[in-house]
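Hi everyone, thanks for making time this morning.

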Amino acid sequence: MTWRDFRPTRYRKYLIPTLAVTLLSLGAARVCGVSLQKLQEGLVTSGLFIARMFPPDWQAFPEMLEPAFDSVVIAFLGTAFGTLMAMTFALLAANTIAAPWIRNTSRFLIGLERSLPELVILLLLVAAFGLGATPAILTLAIGCVGMMGKLLADVIEEIDPVTIESMQSVGANKMQVIIFGVWPQILPSLISFALFRFEVNLRLSVVLGAVGAGGIGYELDYAFNTLAYHRALTALLVILVLVFATERLSRGLREKIKVGDPLK
Amino acid sequence: MLEVRNLTKSLPNGRRLLDGISFTVERGEFVGILGASGAGKTLTLRCLNGLLRPDAGSVFVRDEQDIAHDICKIRKRQLRHMREKIGVIFQGYHLVKRLSALENVLIGRLGQISTLRSILYGFTDDEANQALLALAQVKMDHLAGTRTGSLSGGEMQRVAIARAIFQQPTLLLADEPISNLDPSNAKVIMKLIKPLSEQVPVVGVFHQPDMTAKYCTRVIAIKQGKVIYDGDPKLSDQLLAEIYGEELTVIENKILVKQGESVAS
């Protein structure tokens, strides 16, 4: 190693991107009035705030169980309906199954859903159904279509077309091809996607709860609004445990599917 | 019985892929179709069960009532009905990999059961037993419960034959059934297909003139979409050279590249 190894010309390719990103960040900070001083103040305040939340209000813990269960149920129902919907859209979006115009329509709808944030969908549905669990479940279900629909459609398209052709050549109709040729091939992926989506949906159900869908998210929001900080911390801890447990469970199950499948 | 009349198929740019292919196959015949890559062998075979519609020409296949139907002209629904009795063994691995060997054999009769039944319960125990017998016929019954994805190439092709047997076809087609197999496995497969030709006409596409000479009862050679030979399965070296182009030397029904490097048997 010599000094020549550190000559400035070697770093030239990083110079312009670094400068550009720095300038952009500084400009953006100026536009929305963010400063290091404000950040520092905020950190101190939030530290104090968290300290004020301690200790958690264990008395409130039993009251949290039912809303927590509600959140899980909302996430579960949302995922179940969503998987069904995603499955339908995926079948219609696969070029090996559907005619080109059906495929394009379905792909378009899947893409459209992906571009809509769940919160926007919820707001639209709340306008139609009013507050409560129903719009939340529907939101989560529709939310599944964008991601799962796309992934499943790709999995279906990856099935060897000869496999499908060989079934058609014994006189099988489309439904039979789907039941015997497509379904068994995509099942492991379907379960894996659904488990992953359940994780996502549980977190989402907490957020949606705060916006009026009920469940543990609503408890948290309510506690903050009534300045019951100890109670809020309890809700927060319950959410943390819930999300963590779901993640572990889902990851464990997904690993198991992978291990149990010699072909993947 | 199978009767092919004047099959013609062209690309949109006018290039002729099939140019008036005609032949008939009777029960008891095991016909091997030979030809260089791109000659139109597989295309011809795909016309025989309606996977491809030719521009002109007819393919007559007889149903159970011994009425001849033109596969190229019938409607989709009727085509599905005709396909119930046309067995096809495809090139390579066309089985549903995550289903067991037995389930893959049962698929052979999918066209013969109603959609509602396939949703509700699928196949009966009786049918499963028959499928097991078909597997036993190709000596695969000991692997009936194994997922086909974990079988070897030769084993998969045997399951494919069992599917065709279980289907009880009136016509059996085979599209390069031994292309992906080693010589000894290829022999096993040919030995399994051969006896089936005693009950139904069998038409297969092959790349191995030595195999067709040994097992087929008749060979049809296709070159540039035309039948250039139809007759005895043992072909002269001269004829083989003509089928596969002049760049090849042929020794005892095996094709050698002129430089003597790679050997295709």
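Let's start with one pair of residues in chain B: B:Asp175 has B:Val205, in strand 8 of chain B, as its bridge partner. Before I go further, please keep in mind that this is a predicted model.

That bridge belongs to the pairing of strand 7 (residues 171-175) with strand 8 (residues 202-205) of chain B, which is parallel and runs over four bridges.

Now zoom out to the whole sheet. It is an open one, with six strands of chain B in the order 6-7-8-3-9-10 and mixed pairing. At the edges you find strand 6 (86-89) and strand 10 (226-231) of chain B, each of which pairs on one side only. From one strand to the next, the twist averages 20 degrees.

Let me take you across part of that order. Strand 3 and strand 9 of chain B pair in the parallel sense, over four bridges. Within that pairing, B:Leu34 finds its bridge partner in B:Ala221 of strand 9 of chain B. B:Ala221 in turn has a bridge partner in strand 10 of chain B, namely B:Tyr229.

So how do strand 9 and strand 10 of chain B run relative to each other, parallel or antiparallel? They run antiparallel, joined by five bridges.

Helix 7 (residues 183-196) of chain B lies across strand 3, strand 7 and strand 8 of chain B, at about 150 degrees to strand 8. One residue of helix 7 of chain B to look at is B:Pro195. Is B:Pro195 buried or exposed? It counts as exposed, because it has 11 C-beta neighbours inside 10 Å, and the cut-off for exposed is 12 or fewer. B:Pro195 and B:Tyr215 are 20 residues apart along the chain, with 9.9 Å between their C-alpha atoms.

Helix 1 of chain B also lies across this sheet, over strand 3 (30-34), strand 7, strand 8 and strand 9 (218-223) of chain B, and it runs at about 145 degrees to strand 8 of chain B.

Chain B has another open sheet, with four strands in the order 2-1-4-5 and antiparallel pairing. Strand 2 (16-25) and strand 5 (68-70) of chain B are at the edges with a single partner strand each, so one side of each has no neighbour in the sheet. The twist here averages 20 degrees from one strand to the next.

Strand 1 (residues 2-10) of chain B pairs with strand 2 of chain B over seven bridges, in the antiparallel sense. Among the residues involved, B:Ser10 has B:Arg16 of strand 2 of chain B as its bridge partner. And here is helix 1 (residues 41-48) of chain B again: it packs on this sheet, touching strand 1, strand 2 and strand 4 (56-62) of chain B, and its direction makes about 60 degrees with that of strand 2.

Next, where the chains meet. How many residues does each chain bring to the contact? Chain A gives 20 residues and chain B gives 24 residues. On the chain A side, helix 7 (161-168) and helix 8 (174-213) each supply at least two residues. Helix 8 of chain A makes the largest share of that side, with seven residues.

Finally, chain A itself. Helix 6 (residues 133-158) of chain A has 26 residues and spans 37 Å from its first C-alpha to its last, close to the 38 Å expected. Helix 6 of chain A has a kink of about 35 degrees, centred on A:Met148. It is mostly covered, with 19 of its 26 residues buried.

For contrast, look at A:Ser115, in the loop between helix 4 (100-114) and helix 5 (118-129) of chain A. A:Ser115 is exposed, since there are 8 other C-beta atoms within 10 Å. From A:Ser115 to A:Ile164 is 49 residues in sequence and 32 Å in space, C-alpha to C-alpha.

Key:
Residues are numbered from 1 along each chain as its sequence is written. Chains are lettered from A and ligands numbered from 1 in the order in which they are written. This is a predicted model: local features need pLDDT of at least 70, side-chain atom pairs count only at pLDDT 80 or more; totals for chains, interfaces and linings use all residues. Two strands pair if DSSP finds at least two bridges between them. Axes are lines fitted to C-alpha atoms, for helices over the stretch in contact, and angles run from 0 to 180 degrees between N-to-C directions. Two residues are in contact if their C-beta atoms, placed from the backbone, lie within 7 Å. The expected span of a helix is 1.5 Å times one less than its number of residues. The bend at a residue is the angle between axes fitted to the seven residues ending there and the seven starting there. A residue is buried if 20 or more other C-beta atoms lie within 10 Å of its own, exposed if 12 or fewer, and partly exposed in between; C-beta atoms are placed from the backbone.
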